[in-house]
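This report describes one structure in plain terms. Look over the sequence and the model before reading on.

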Amino acid sequence: MRKLNTRLIALTLLIALSACASTPAALPADFPAGDAERGAALYGEVINGAPSCVSCHTLDGSALNGPSLQNYAARAGARVDGQSAEVYTYISLVQPAAHVVSGYANVMYSQYDQRLSAQQIADLMAYLLTL
């Protein structure tokens with residue numbers, strides 16, 4: 001019984017520590033420049049099993065499973081005090097649970113950073129920041 005309690009405590013601690021992973025304050029130093037045109041094409045594609053953005057987000061103001069991305073660029077920089085639109089967008093893609101928009105559940109696919117290349121993420125960001 002004592003062994004089971006110790007394992008449960010260790011598992012709980014591990015889960016708590018992984019949930020507290022820090023969010024980056026800046027883009028990675030070697031992060032590539034994005035191409036908005038390529039990002040626009042990626043927005044509607046399923047890539048390496050990762051769902052397309054269009055499967056949950058609209059561009060016309062209507063909501064699906066996720067909030068609309070209409071006027072995204074204007075709102076992204078104002079979502080988190082002291083966080084640029086670029087950093088907010090990067091975190092939203094690679095650690096979506098860090099930024100859950102009020103009124104929506106934490107259901108965004110969480111493995112884009114494992115399924116998309118850094119270039120693909122940069123391209124999507126470049127596109128989103130034109131909206």
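Are α2 and α6 roughly parallel or roughly perpendicular to each other? The model is a predicted one, in which local features need pLDDT of at least 70, side-chain atom pairs count only at pLDDT 80 or more, and totals for chains, interfaces and linings use all residues. Residues are numbered from 1 along each chain as its sequence is written, and side-chain values use heavy atoms, with hydrogens and water left out.

**Helices α2 and α6**

Two packed helices are described by the angle between their axes and the distance between the axes. Here α2 and α6 pack at about 95 degrees, and their axes are 7 Å apart. The axes are lines fitted to C-alpha atoms, for helices over the stretch in contact, and angles run from 0 to 180 degrees between N-to-C directions. Angles under 35 degrees count as roughly parallel, over 145 as roughly antiparallel, 65 to 115 as roughly perpendicular and the rest as oblique. The two helices are therefore roughly perpendicular to each other. Helices (H or I, at least four residues) are DSSP runs, numbered from the N terminus.

Contact means heavy atoms within 4.5 Å. On the α2 side, A36, R38, G39, A40, L42 and Y43 take part, and they meet Q119, Q120, D123, L124, A126, Y127 and L128 in α6. By class, this contact has eight nonpolar, three polar and two charged residues. In this count Ala, Val, Leu, Ile, Met, Phe, Trp, Tyr, Cys and Pro are nonpolar, Asp, Glu, Lys and Arg are charged, and the others, Gly among them, are polar.

D123 belongs to helix α6, which covers residues 118-128. Is D123 buried or exposed? D123 is buried, at a relative accessible area of 3%. Buried means under 20% relative accessible area, exposed over 50%, and partly exposed in between (1.4 Å probe, protein chains only). Leaving aside neighbours within four places in sequence, D123 is in contact with A33, G34, D35, A36, R38, G39 and L42.

A40 sits in helix α2, residues 36-43, and is partly exposed, with a relative accessible area of 36%. The C-alpha atoms of A40 and T130 are separated by 9.7 Å, although the two residues are 90 apart along the chain.

**The nonpolar core**

A nonpolar core is a set of buried Ala, Val, Leu, Ile, Met, Phe, Trp, Tyr and Cys residues joined through side-chain atoms within 4.5 Å. The largest one has 23 residues, of which Y43, L116, I121 and L124 touch the most other members. At least two residues of this core come from each of α2, α3 (72-76), α4 (85-94) and α6. The most come from α6, which gives six. L116 touches I47, A50, I121 and L124, not counting residues up to four places away in sequence.

The buried residues of α6 are I121, A122, D123, L124, M125, Y127 and L128. They pack against α2, α3, α4 and α5 (112-115).

**Helix α4**

Nine of the 10 residues of α4 are buried, so this helix is largely enclosed by the rest of the structure. The buried ones are A85, V87, Y88, T89, Y90, I91, S92, L93 and V94, and they pack against α3, α5 and α6. T89 in α4 has a relative accessibility of 1% and counts as buried. Not counting residues up to four places away in sequence, T89 touches Y72, A76, M125, L128 and L129.

**Loop residues and cysteines**

Which residues have a positive phi without being glycine? N48 has a phi of about 50 degrees, and the phi of N71 is near 60 degrees. N48 is placed in the loop between α2 and α3, and N71 lies in the loop between α2 and α3 as well.

A disulfide is a pair of cysteine sulfur atoms within 2.5 Å, and a search of the whole structure finds zero of them. C53 is in no disulfide, and its nearest cysteine sulfur, that of C56, is 9.0 Å away.

| Residue | Relative accessible area | Class |
|---|---|---|
| N48 | 54% | exposed |
| N71 | 48% | partly exposed |
| C53 | 11% | buried |
| C56 | 27% | partly exposed |
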